[in-house]
Amino acid sequence: MRKYQLIAFCLAGLLACLQFGCSSESQAESFELPEIISYNFDIRPILSDKCFKCHGPDGNTIEAGLRLDLPDSAYAPLKETKGAFAIVPGKPDESELLRRISSQDPDYQMPTPESHLGSLTPYQIELFRKWIHQGAKYEKHWAFVLPQKAPLPVFKTKEGLNNEIDYFIRARLKEKRLEPNPTADKERLLKRLAFDLTGLPPSEELMNSFLADDDPDAYTKIVDKLLDLPQYGEKMALHWLDLARYADSYGYQDDNIRTQWAWRDWLIHSFNSNMPYDQFVTWQLAGDMLPDATKEQVLATAFFRNHKYTEEGGVIPEEYRVEYVIDKTKTYGKAILGLTIECAQCHDHKYDPISQKDYFSIYAFFNNTKELGFEGDILVSKPAKKPVLTISDDDIRNMMQFINKKDSGNIMVSVMGERDTLRKTYLLNRGAYDQPGEEVSPVGLQSVMKYDTLSLPKNRIGLANWTVSKQNPLTARVFVNQLWQEFFGRGLVKTSGDFGMQGELPSHPELLDWLAVDFMENGWNIKRLVKQIVTSSTYQQSAKISKKSLELDPENIFLSHAPRNRLKAEWVRDMVLASSGLLVKDIGGPSVKPYQPDGLWETATSGRGELATYKQDTGKALYRRGMYTFIKLTVPPPSMMLFDASNRDQCEVKRLQTNTPLQALAMLNDPMILEASRVFAQRLLESDTNAQTNIQNAFHRIVCRKATKKELAILLKYYDEQLALFQSKKLAAIETLTVGEYKHNPDLDSNLQAALMKTIHLIYNMEESIVKT
Amino acid sequence: MMAKQALEYRLRMNRRRFLSRLSLGIGSAALGSLLIPDLFSGKSNEEAILEQLPHFAPKAKRIIYLFQNGAPSQLELFDYKPMLREKFGQDLPESIRMGQRLTGMTAEQTKFPLAGSLFNFAQYGESKAWISELLPYTAGIADELCIIKSMYTEAINHDPALTFFQTGAQVGNRPSMGSWLSYGLGSENKNLPAFCVLLSKGKGNGQGVYSKLWTNGFLDSVHQGVQFSSGENPVLYLNDHASVTRADRRHMLDQLEALNEEGLREFGDPEINAKIQQYEMAYRMQTAVPEVTDISKEPESVIKLYGPECLVPGTYAANCLLARKLSENGVRFVQLYHQGWDGHGNLPAEIKGQCADTDQPSAALIKDLKQRGMLDETLVIWGGEFGRTNYCQGPLTKDNYGRDHHPRCFTIWMAGGGIKPGVYGETDDFGYNITSNPVHVHDFHATVLHLMGMDHEQLTFKHLGRRYRLTDVAGKIVNDIIKA
């Protein structure tokens, strides 16, 4: 809805354009081609976008027998045009491809008008001309080539170069004639760091000690301190929960409760204990198949069981069993390999060298579990589906103390488990469960990395080893990129879920590769990588946006300043609870049901099952971190959804970041925020009645810096006005304070408290409060 | 209109860039070249797509979709099959069933006894359409309706079938129909969302609804359906706390703006400006939404038309009336869901209740739109996610039976917005297979988009390397039901 305010501007722009003319001809001569045309970076994106649909890897839809993704085919005589060649290396004028893409004749031009792919721009056509002129050399897709450490760019001075990240970032900035920002002020830097490492604002104590510490290592000390907090694991887990499509219900139809939360506890624990990423992936992929697998290793595999399960009476079990294997395959591809292999479920991939057979070869790894397609409807619903891991109190005492169990009784978790006899896998025609084709066996994607069946067993253990092999060009790159995205809001590869040919090219290919190799060389050490990122000077820059950088790099791809990203949905909640002192810092355990607008579950339910009505929790459970809010898949928590949280329906590697009026309404009227404002005011007044001190303190806790004089003046004036209104009974203080279940303090002056509460609420609504800046 | 939408889209894609230019104070000439998709520099696919909209003159501007969730039985309502009464209790011949896959609920049944409808039918209107005695009000508007008796789908269970109807795919997080329309056409009212969702429940056997039905999928979240209710808090978090007055809220927002201006001065981030604007929009919505949802000022004649239930918030009747009001205020797509049609057993009693709740308000909506001169440009759709079997599920008695899910044929109706009234498509005497003019769900979507002025093959969005569309890779426009 934000677009409307801007339409007036657009129309102004439109008129201006009509006046001055914006024809393409007037500018046609002014583009500059790169000196050397790169197949990977210049040509393939165009081929992939405009040509591969009919002349690409999909064996079923090749038109005129021509494939443009393979040089042999592209250079060969054309089958349907006698005496012509699509591409003649070195001779653009003899290349049929160039003639076709530059033609205006609808019967001759490519892409054809019917394809709706749109014709190539003059610039793109010239790229092709020069590329062919230079020999039309093909290259393997960049992401399928093993990453290597490039030599560091050379600079005259080492100033501002904290580590290798800065070398690569600065080199690109220089190319773009941009300069990096100076380091951010300490207050803002600490806020940014605290949210990035713990998802919470820095504590009062941390803010004071950091500000007072003049040691040049003060920042590094804080980094280490934050990395050691248990909230680090919670922060890191959130992104992985999106990937894992974690939820607390089954997702279809009646949508009953499930209990996968013990896996979430494991996830937090594994980040906190800094489990190496290769092991982290191996356990989740195949923990159940490791020699003498422990219950913890089996628990890790719940990652692959978090997807939806139907309990709808009357389904055909095999249809859904297949659906579940498909989900696992898709999640594996997108989350871990960064590939959209699901595109090859129904046909050969249109853009990437992944055939339908390749797809079902990956699928085959997940096709041998003991899982059933249907275990019965809601009447017989259980909190986990077979195979189930049962965790007893003894298990927790003896080896899984990280599980935060609330009551007695065993915990049930859906996990992976192999059948004794091998279930055969068939390629499914059009991806349909009842259309089996040829038999396939489990094997990794050969175009990514050879799957050596002599050393790798044909099961999930083999797949895990193949995935975390240092010879796999994708795994480290994909994870490093996801982590980068966590800190900068945008990956070095913007399409973090698609490293294939239709994905975006990396903005800093050498840096991505350097980080990926370094990550593997150093034992896939996640905390080390995090520390590398946050101690770089690139990360520590101020977020101020100069006119020059706005002009030259409005999307801040080259990082001439730190990004200003809004907090994730869960952290908006966490920030409010933590600053007001309401936050209950328990780690893990079953999900909780805080305040939620009335009737949401009730209007959407069939009326069956445990989750037909929303039974709000009370007491401590109202004040847990956002990541523990109960997720009923068919009606996900509204305050989270408004701030772009994943709906957990499918594996998601990147959240959108929007700015909508519905968010403004939530900040204004969510009872959680009103209650926090009240309790915050109450706490401040219990120790001091000086309005200015209290407002300064509140501001400091919420915005994580001292208020400026001007800000303080605005807030004080607002406070005074509110107080006068309450004292003159023009506004009702008691009614204002009537929100939330947290206990009131009857000894306080209600007028003072209400005025302070409203001032605090105003601070919570400030843009900067929910932004890393 | 076309230019506006293209601009709007370009704007959205490059919002930060655009906002940044504004804050730099670059004049409108530079803005112009920035905004107009420029052939030379290569425009994005989406810009090129939206720039061409509408692809042709639209017949309808808005849609109200009355989704009958759970699948109403076509055999009780529109698809009159006297032969089924004659063959009461006889087994469905295999020559008719032809290997149709069955749901797990009847897969174990050894017999498929045919069950004729308990209800009587008569013919109405110029098209002499057969309409059941359960739908007297609908019969009264027969001349407005195009009754399509030959709909078919691929799914046989509720969740995938419903998801298919709403998003064009049985599984996955694809954008809903309403989201596609919002994406393609935007909203007509700057204070209301383009896509609104209303829920209600009947007393019959119900199947839940789920927010993925109105998801924006991979489209921007501004295209997500916003759930409205006809109660006191029509939109989530819309209402201020009871202690807050309008003047009070205004004053607070003024202070907030002053504070945010400080941040804007310091950081120069155009997003801060956008945030200020969003708070203003929120404030306007707080006035606009209650005005739209307030039915207290509706005249007695309108209340009478929809029936007394329309005064009870959350009922189907109240939602039909609210749908008209939203539509009247420029909401592009109003999606209703009414639960309770899943008649596996006790079908006659349940469907009677469902019809009693829905027949009058559905017909009232058509009449109301017509009397306001809005029917011509408002497309109204009524229907469920699949049909029901001609044979009985569970015990068959003289006055009771149930029907299982049936994907091969079912009935929906459409009215207004460029639709040619009449009856389209036929089924065999068993009411089991289509004999003429089949309409697949993809065809239905293609036709709806066409009526809105969009070519379903061209309204695409590129996501993870693929151009997606509502109709996936299929869909044929049903030209015979469109007014010349």
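Predicted model: local features only at pLDDT ≥ 70, side-chain atom pairs only at ≥ 80, totals over all residues.
User: Which value does phi take at A:Leu559, and where in chain A does A:Leu559 lie?

Analyst: The backbone angle and the burial can be read together here. Phi of A:Leu559 is near 60°, which is a positive value in a residue other than glycine, and the residue sits in the loop that runs between helix H23 (547–552) and strand E5 (565–566) of chain A. With 25 other C-beta atoms within 10 Å, A:Leu559 is buried.

User: What is the omega of the peptide bond from A:Met110 to A:Pro111, and what is it for the bond from A:Lys386 to A:Pro387?

Analyst: For a peptide bond, omega is the angle to look at. The bond from A:Met110 to A:Pro111 is cis, with omega near -10°, and A:Pro111 is placed in the loop between helix H5 (96–101) and helix H6 (122–133) of chain A. The bond from A:Lys386 to A:Pro387 is also cis, with omega near -5°, while A:Pro387 lies in the loop between helix H16 (356–363) and strand E1 (388–391) of chain A.

User: How do I read the packing of two helices, and at what angle do H13 and H18 of chain A cross?

Analyst: Two packed helices are described by the angle between their axes and the distance between those axes. In chain A, the axes of helix H13 (residues 277–286) and helix H18 (residues 460–467) come within 9 Å and cross at roughly 160°. H13(A) and H18(A) are therefore roughly antiparallel to each other, and their crossing is right-handed. On the H13(A) side the contact is made by A:Val281, A:Thr282, A:Leu285 and A:Ala286, and on the H18(A) side by A:Arg460, A:Ile461, A:Leu463, A:Ala464 and A:Thr467. By class, this contact has six nonpolar, two polar and one charged residues.

User: How many helices and strands does chain A have, and what is its radius of gyration?

Analyst: Chain A has 32 helices and six strands. Its radius of gyration is 29 Å, close to the 28 Å that the globule rule gives for 773 residues, so chain A is as compact as a globular protein of that length. Of those 773 residues, 53% count as buried.

Notes:
Residues numbered from 1 in each chain as written. Chains lettered and ligands numbered in written order. Helix = DSSP H or I, 4+ residues; strand = E, 2+ residues; numbered from the N terminus. Buried ≥ 20, exposed ≤ 12 C-beta atoms within 10 Å, placed from the backbone. Axes fitted to C-alpha atoms, helices over the stretch in contact; angles between N-to-C directions. Parallel < 35°, antiparallel > 145°, perpendicular 65-115°, else oblique. Left-handed = near helix turned anticlockwise from the far one by under 90°. Contact = placed C-beta atoms within 7 Å. Nonpolar A, V, L, I, M, F, W, Y, C, P; charged D, E, K, R; others polar. Rg over C-alpha atoms; globule rule 2.2 N^0.38 Å.
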